[in-house]
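Please read it alongside the sequence and the structure shown here.

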Amino acid sequence: MLIVAWEVTAACNLSCGYCRASASFLPDPDELSTKEALSFLDSIASLEPMLILSGGEPLLRPDIFQIARHGTALGMRVSLASNGTLLTAKVANEIAASGISRVSISLDGATPEKHDLIRGRGSFQAAMQGIDNLCGKVDFQINNTLTSKNESDVASIFDLAQRVGARALHFFFLVATGRGREADLISPQRQEQLLIEIDREREFRSLEVQVTCAPQYARIARPGKGRAGGCLAGKSFVFVSRKGDVYPCGYFPLRVGNIREKNFIEIWENATELRALRDRVLKGKCGRCSFSGTCGGCRARAYAKTGDFLGPDPACCLEV
């Protein structure tokens, strides 16, 4: 299934230190209009994608539930990616009524001390209240971005996700794009240790577990719940910005087209860069690796480090 992540707005009520979108308190004046948004959904309906409405904070877009209802009416599975702090009981009811099937809540620590250090004072408690308001109304998952500041929290995040009734737990490994800094990255050796820890914890939990931007998990993960690694960028995942620019993924700032200039399906099927990502003629150790088919290295991280999206993933410690 094709996953389309759409950054519906730049507006956000938080200012996270590593924000991919470099979000601000105000929307971008050039964001897709309601008319353009609904037309975009019409244009991708035949692909039967899963649609993720992200931001910024998507709940700050006034027409977000109109967009969600239109997507579900077209037969799409629609998800919402939120920081959780604006999820009042009323908003949770609106989410359920709109047909949104799952909400992801970003929690970057299992305690206020860890989470608020990254996302701002009071944000942990507000997100936990948001989760409480969702319970029994809409399925939700926890998204956790691993950085040098919270790498010791893996087991605690598993505990928290299971305790609050999350359906899934998704780990994201930081890529130095947007406000993400090299200083916050985890070393390749530490990433390997964390992937092993995640896989070990997964065995004893009732959660669906996924790992993003650490495709090396494909060679580590034992069969179980959730997708086991591999880079999806440009293959079964694509990102659309608030202005309609199309990218292989949200951490991969290589513009391959714009839906205001060309139909999305034409971009998806014919963009040279997306075709290259699907062909995966990789360079360096990623090209020599026996796991290149299942893992493929993080193409966003290779691009961020070297400017060559087919180059080796600098976060992999495997020697080949």
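This is a predicted model: local features need pLDDT of at least 70, side-chain atom pairs count only at pLDDT 80 or more; totals for chains, interfaces and linings use all residues.

A residue is called buried when its relative accessible area is under 20%, exposed when the value is over 50%, and partly exposed in between. By that rule Arg260, with a relative accessible area of 35%, is partly exposed.

**Nonpolar core**

- The largest nonpolar core holds 93 residues, and those with the most contacts inside it are Trp6, Leu53, Ile95, Ile198 and Phe264.
- Helix 6 (residues 154-164) supplies the largest share of this core, namely 6 residues.
- Trp6, once its neighbours within four places in sequence are set aside, is in contact with residues that include Leu32, Phe40, Leu53, Arg61, Ile67 and Val240.

**Asn144 and its surroundings**

- Asn144 is found in strand 5 (residues 139-146), and its relative accessible area of 1% places it among buried residues.
- The side chain of Asn144 reaches the backbone oxygen of Leu107 at 2.8 Å.
- Not counting residues up to four places away in sequence, Asn144 touches Leu107, Asp108, Gly109, Asn150, Ile157, His170, Phe171 and Phe172.

**Salt bridges**

- The count of salt bridges comes to 21.
- Glu36 forms a salt bridge with Arg260, in which the closest N and O atoms are 2.9 Å apart; because Glu36 lies in helix 1 (residues 34-44) and Arg260 in the loop between strand 10 (257-258) and helix 9 (264-270), the pair ties together parts that are 224 residues apart in sequence.
- Glu36, at 29% relative accessibility, counts as partly exposed, and Arg260 is likewise partly exposed at 35%.
- Asp108, which is one of the residues that Asn144 touches, forms a salt bridge with Arg119, with the closest N and O atoms 2.8 Å apart; Asp108 lies in the loop between strand 4 (102-106) and helix 4 (112-119) and Arg119 in helix 4, so this pair ties together parts that are 11 residues apart in sequence.
- Asp108 is buried, with a relative accessible area of 0%, and Arg119 is buried as well, with a value of 10%.
- The side chains of Glu201 and Arg205 meet in a salt bridge at 2.7 Å, N to O; Glu201 counts as buried at 16% relative accessibility, and Arg205 is buried with a relative accessible area of 15%.

Notes
Residues are numbered from 1 along each chain as its sequence is written. Side-chain values use heavy atoms; hydrogens and water are left out. Helices (H or I, at least four residues) and strands (E, at least two) are DSSP runs, numbered from the N terminus. Buried means under 20% relative accessible area, exposed over 50%, partly exposed in between (1.4 Å probe, protein chains only). A polar contact is a pair of N or O atoms within 3.5 Å; within protein, one must be able to donate a hydrogen and the other to accept it, and residues adjacent in sequence count only if both atoms are side-chain atoms. Contact means heavy atoms within 4.5 Å. A nonpolar core is a set of buried Ala, Val, Leu, Ile, Met, Phe, Trp, Tyr and Cys residues joined through side-chain atoms within 4.5 Å. A salt bridge is a side-chain nitrogen of Lys or Arg within 4 Å of a carboxyl oxygen of Asp or Glu.
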